[in-house]
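These are my notebook entries on a two-chain structure.

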Amino acid sequence: MKKFLFRGFVFAIILIGFFSLNFVINFFIYKNQKVYIKEKLLIAGDSHSKRGINPKILGNAVNVSQQGEPYYITFWKLKKMFKDNKIDTLILSFAPHNIAEFNDLKLSNERWSGEMFKRIYPLQEFNELSDIDIDYVEYYKVLLKETGFYPKRNHINYRGEYFNSKKTNLLAPKESVEKQFYDSGEQLGISTVSLQYLDSILFLCKTYKVKLILVSSPVHSSYFYLIPKPILDKYKTLKKAFAKRNEVKVIDKTNLFYPDSLYFDVHHLNELGATRFSIELKEELKNNKN
Amino acid sequence: MLFNSIDFALFLPVVFILYWFVVNKNLRLQNLLIVLASYFFYGWWDWRFLALILFSTIVDFTIGKALKTEENHKKRKVLLWTSIIVNLGFLGFFKYYNFFIDNFITAFSFFGSEIKVDSLNIVLPVGISFYTFQTLSYTIDVYKRKLEPTTDFIAFSAFVSFFPQLVAGPIERATNLLPQFYKERKFDYTLAVAGARQILWGLFKKIVIADNCAEYANLIFNNSSDYSGSTLVLGAIFFTFQIYCDFSGYSDIAIGISRLFGFNLMQNFAFPYFSRDMAEFWRRWHMSLSTWFRDYLYIPLGGSRGRAWMKVRNTFIIFLVSGFWHGANWNFIIWGLLNALYFLPLLLFNVNRNNIDIIAKNKYLPSFKEIGLMLITFGLTVFAWIFFRAENVSHAIHYITDMLSSSLLNKPKVFPKVTLLLLLVFVLIEWFGREGQYAISDLGLKWKRPLRYGMYYAIIISIIWFAGKEQEFIYFQF
């Protein structure tokens, strides 16, 4: 028995030692890793800005948006990016779904949590997120997989990029709305955490003297009219409140309703739609400057 | 709690330490610890299930004791049938009540009558199909005087509820497992190491192979109308490996854990996908259940003796009951029926015992004939598994029709290279380890320790790295 326990202990210690060493090395790598951005205009947010705003059209811009990204993750990202670079302007995705409670489930929802943890482990500030359920078991599994096996040079999984396609599929608007505003059939409310972090992003921009522009790209009418009223009302209230603030500009084109052929699906623009929207956005930014 | 969960990872060492350090000097206490740990393990699923297993234990223990003293043949039969009715009654109610009600209503409506009988919201107790058969083996063997009934309630409770094999087998015979509870267990280093190795291999099969295959099997089966015939073939193959690795992986973990506690359970799988005919397949697949049916149903019915019509009848009964055991669903019955049709020609032409030894024994490679026979047997098995996995009979038929359409020659839409490569590596490991109890049972035993440890580390790292999305063990639903 002693022989079994001793050998088991040695076996386990070697394995734990191997993982720990890699973890420590990777920890130092990602804590000191910088994100270099030479452009002055930063586009951040979720899939709406990822697909909807083409940085090449805006010029001197980079799109770091990622699918499904809630504001607390955007905040952590921006803290790092602002610290390491000189950014003049931030275009942030701001649409009704960005303030929906579904965003609070992304660190515990089976569909999203693995992907989110893979992106944020170098940046996470879970101790600040007291109102959100976090699947720590899944988090540590991801952390082990990302940092436990070998020293990795690149831990920047949180830098997104513009991505689109020319396809159009306007089927299933109800399913799309259900994914973003409902959980197991129950309508979700407003996410106070998202609102808090939106405020934090505002404050961060003020601190780093970054001009903040909140942008919502057009969605299809079949999706728009299914958005739950409480969320739409809150969104409109927020929009009005932000519009009064000098340091923020709001460009809301949610219900602009482009032709069907410009949509990738009921709430994302396709390549053609993104081109049109980016041109219009550029024009609007130029007019505002003047 | 699942074997591959954090809860179990905490539970097992605690029980292990208590078993070998606290209660090791006293056999009764060791058995009592097994009972308490097993009831805790079972109650973790749902505490309400405990009453059922306790009642079943008390009934069969009492009947066993009564059979010890009862000499009157008729009264002995009554006692036996009491045990059978109680055990199968519970199983029948929890598992089959709604099935019979629904089909009863359908049958009546076929004749133009509408009857209203409410189906019940019945929770199926985990493992009921397994432990009821296990306790039945006890009363039947005691009745047949093959086994001396026990007067030790603790030992008997431990036998019924033994946690490694409680919820998904192997279905142990009382003649094998119960006597192990009478003997003092001394820690055996070789047995414990063998157990740990088998647990590791079982986890690899379940987490790496089964869970990864499940992702694609589910994707393809749940959206089968969207895919070409070639993709549907892949879906069926993924399910074939999912169910094998899931179930045999669980059995390996169960057997491995038992070895850590000094117990030897029966082998449940013996590389069934390398079988050369369906008779061999059924000698290698879920052996604890197939031998149970053979010994307690097939042989009492006459087995393969007697006239041809009797052989046919007995074969159909066994396979249909086997299908029905898996679930209250026409899919499983058709799956059983298909297997009966596969098996019958071999039985009737008396070639069902042609392939007893493992294929290509003491050789590296099989002959071309053996490869051909393996592929045919594998193909028949994959075909039958479609019924097992499909939502219902109609889905299975559509799946097969779409699979065998002209799109069979199209390039598959779903072609996960990494999973397919893992499958290939797995099949090779199984092939080269096919003469052992499980694929890596003899692997590395003669190597130097650093190399052997390196092999274990490689398996552990691949389990963590290639872990598929966690899926429940398939056989828990039975």
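**Entry 1: interface, polar side.** I began with polar contacts, defined as pairs of N or O atoms within 3.5 Å; within protein, one atom must be able to donate a hydrogen and the other to accept it, and residues adjacent in sequence count only if both atoms are side-chain atoms. Between chain A and chain B the count is 3 residue pairs in polar contact, both residues being at pLDDT 80 or more. I then searched for salt bridges (a side-chain nitrogen of Lys or Arg within 4 Å of a carboxyl oxygen of Asp or Glu). The rule finds 0 across the interface of chain A and chain B.

**Entry 2: conventions.** I note that this is a predicted model, in which local features need pLDDT of at least 70 and side-chain atom pairs count only at pLDDT 80 or more, while totals for chains, interfaces and linings use all residues. Residues are numbered from 1 along each chain as its sequence is written, chains are lettered from A and ligands numbered from 1 in the order in which they are written, and side-chain values use heavy atoms, with hydrogens and water left out.

**Entry 3: interface, extent.** With contact taken as heavy atoms within 4.5 Å, I find 18 residues from chain A and 19 residues from chain B. The two chains bury about 1,800 Å² between them, 78% of it on carbon and sulfur atoms; this is the accessible area (1.4 Å probe) that the two parts lose on being put together, summed over both. On the chain A side, Met1(A), Phe4(A) and Phe11(A) lose the most area to chain B, together 37% of what that side buries.

I next asked which elements of chain A give two or more residues to this side. They are helix H1 (2-32) and helix H6 (136-147) of chain A, where helices (H or I, at least four residues) and strands (E, at least two) are DSSP runs numbered from the N terminus. H1(A) gives the most, with 10 residues. By class, the chain A side has 13 nonpolar, no polar and 5 charged residues. Here Ala, Val, Leu, Ile, Met, Phe, Trp, Tyr, Cys and Pro count as nonpolar, Asp, Glu, Lys and Arg as charged, and the others, Gly among them, as polar.

**Entry 4: cavities.** On a 1 Å grid over the protein atoms alone, a cavity is a set of points where a 1.4 Å probe fits but cannot get out, and a pocket is an open set with protein on both sides within 12 Å along at least five of seven lines; lining residues have an atom within 4 Å of a point. Grid points are joined across faces, edges and corners, and a volume is the space filled by probe spheres set on the points. I find 4 cavities of 30 Å³ or more in the whole structure.

**Entry 5: second largest pocket.** I record a volume of about 730 Å³ for this pocket. Its lining has 28 residues, with Trp282(B), Arg283(B), Arg294(B), Phe343(B) and Arg353(B) nearest the centre. H12(B) gives the largest share, 8 residues. The lining comprises 14 nonpolar, 9 polar and 5 charged residues.

**Entry 6: backbone.** The peptide bond from Gly169(B) to Pro170(B) is cis, with omega near 5°. Asn60(A), a residue other than glycine, has a positive phi near 50°.
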